[in-house]
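I opened my notebook to look up a few things in this structure. Come along and check each entry against the picture.

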Amino acid sequence: MSHNTFGHLFRVTTWGESHGPALGCVVDGCPPEIPLTADDIQVWLEKRRPGQGKFVTQRQEPDAVRILSGVFQDERTLADFGGQVTTGTPISLMIENVDQRSKDYSEIAQAFRPGHADYPYFAKYGVRDYRGGGRQSARETAARVAAGAIARKVIPGVTIRGAVVQIGPHAVAPDRIDFSVTEDNPFWCPDPEMVPVWEEHLEKIRKAGSSTGAVVAVEATGVPAGWGAPVYGKLDAELALALMSINASKGVEIGAGFASAALTGEENADEMRMGNDGPAFTSNHAGGVLGGISTGQPVTARVAFKPTSSILTPRKTLNEAGEEIELRTKGRHDPCVGIRAVPVVEAMVACVLADAFLRHRAQTGGGAYQPGARERR
């Protein structure tokens, strides 16, 4: 199986299956001498970990990460950096699976679950691990979050914050979004007044054995102008690719996204002024990226997640013999995958931005033009 690696200079390869003994990733290209411990990674894994509320899967996984390579500590690193640091070599991370219930999936060993990747996966490879979806499972995203924790250490000046802005038909008004309050509630909701609305909606969905979709918004502040490249290395294209690769993701918008189609040229153009610290923009319809290169504004995106395909309602499908059957999916599932997707979205943005930073530094030395900084000739 190919295509398990993403990134250019900051490269991440994930491995493992939902019900295998473990999963993890290898991060290659991380610069040396960056302080890094398992605790630095664990804090982000805790935000994604399952079993932390009735509106997420009840699978109980501690998601305890182990660093197997790529770090070192001795008297010098203790004196110069205060502890363990990266060495510039591949960093291998492992997270053991401890709460698999493979028997829940025995009925789908030869049946294709509607809405899942069972059929196309089998059509391509001729063999599949049906236990929890195997490699297709959202369990794989734990490794992405671990890699994202390392990426954040590469770009410490960048702050990345995500939030659920819509569950089902209930959306947060744009002027009500406050990323600073997302961790004060179990839904990563940026508007406290929407929390009881979502609770009521999800309680009905959960009791019915059904599921619902969601939209996750993310912003990255502190990204300087100049990251990304034109034509085939566009920063927004790299972000879209990374975010669309997340399980259940069905749509990505950068900045105003599809709403920009309804704007006039005057409304859409982000006018510029000279501020105290350089160029300032009066709006950010571009989402912090123009021509594939960051503008210095917050980089913003939205990701639409489909309803969880595993539901208790019987649905018509086929088995491997081509027979028409009715299937009811068993197991422990999220009634709304968008809730636990927030740390995953943040992690993928972190990985893309870390890669963009390293590529920019390699090509230009890290410098960026600022209007007024050079004498006119």
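I began with V26, which stands opposite S92 in strand 7. For me, strands (E, at least two residues) and helices (H or I, at least four residues) are DSSP runs, numbered from the N terminus. Before going on, I noted that this is a predicted model: local features need pLDDT of at least 70, side-chain atom pairs count only at pLDDT 80 or more, and totals for chains, interfaces and linings use all residues. Residues are numbered from 1 along each chain as its sequence is written, and side-chain values use heavy atoms, with hydrogens and water left out.

Two strands pair if DSSP finds at least two bridges between them. I found that strand 3 (residues 22-28) pairs with strand 7 over 6 bridges, in the antiparallel sense. Strand 4 (residues 65-67) also runs antiparallel to strand 7, joined to it by 3 bridges. There I saw I67 opposite L93 of strand 7.

How many residues of strand 7 are buried? I got 5 of the 6 in this strand, residues 91-96. Buried means under 20% relative accessible area, exposed over 50%, and partly exposed in between (1.4 Å probe, protein chains only).

**Entry on the cores.** A nonpolar core is a set of buried Ala, Val, Leu, Ile, Met, Phe, Trp, Tyr and Cys residues joined through side-chain atoms within 4.5 Å. The largest one here has 72 residues, and F10, V27 and L93 are among those with the most contacts inside it. Helix 8 (residues 338-364) gives the largest share of this core, 15 residues.

I then looked at F10, counting a contact as heavy atoms within 4.5 Å. Not counting residues up to four places away in sequence, F10 touches several residues, including V27, C30, I150 and C351.

**Entry on T141.** I found T141 in helix 4 (residues 141-154). T141 counts as buried because its relative accessibility is 5%. Its contacts, leaving aside neighbours within four places in sequence, are R48, N247 and V344.

**Entry on cysteines.** I looked for disulfides, taking a pair of cysteine sulfur atoms within 2.5 Å as one. The count came to 0. For C30, the nearest cysteine sulfur is that of C351, 11 Å away. For C336, the nearest is that of C189, at 12 Å. C336 has 0% relative accessibility, so I wrote it down as buried.

**Entry on rings.** Rings of Phe, Tyr and Trp (its six-membered ring) pair if their centres lie within 6.5 Å; planes under 30 degrees apart count as stacked, over 60 as edge-to-face and the rest as tilted. I counted 5 aromatic pairs. One of them is F112 with Y119, edge-to-face at 5.5 Å centre to centre and 75° between the planes. F112 is buried at 9% relative accessibility, whereas Y119 is exposed at 52%. Together with F122, F112 and Y119 form one aromatic cluster.

**Entry on charges over rings.** I say a charge sits over a ring if NZ of Lys or CZ of Arg is within 6 Å of the ring centre and within 35 degrees of the ring normal. R152 lies over the face of W44, 3.6 Å from the ring centre. The charged end of K124 sits over the ring of Y125, at 5.5 Å from its centre.
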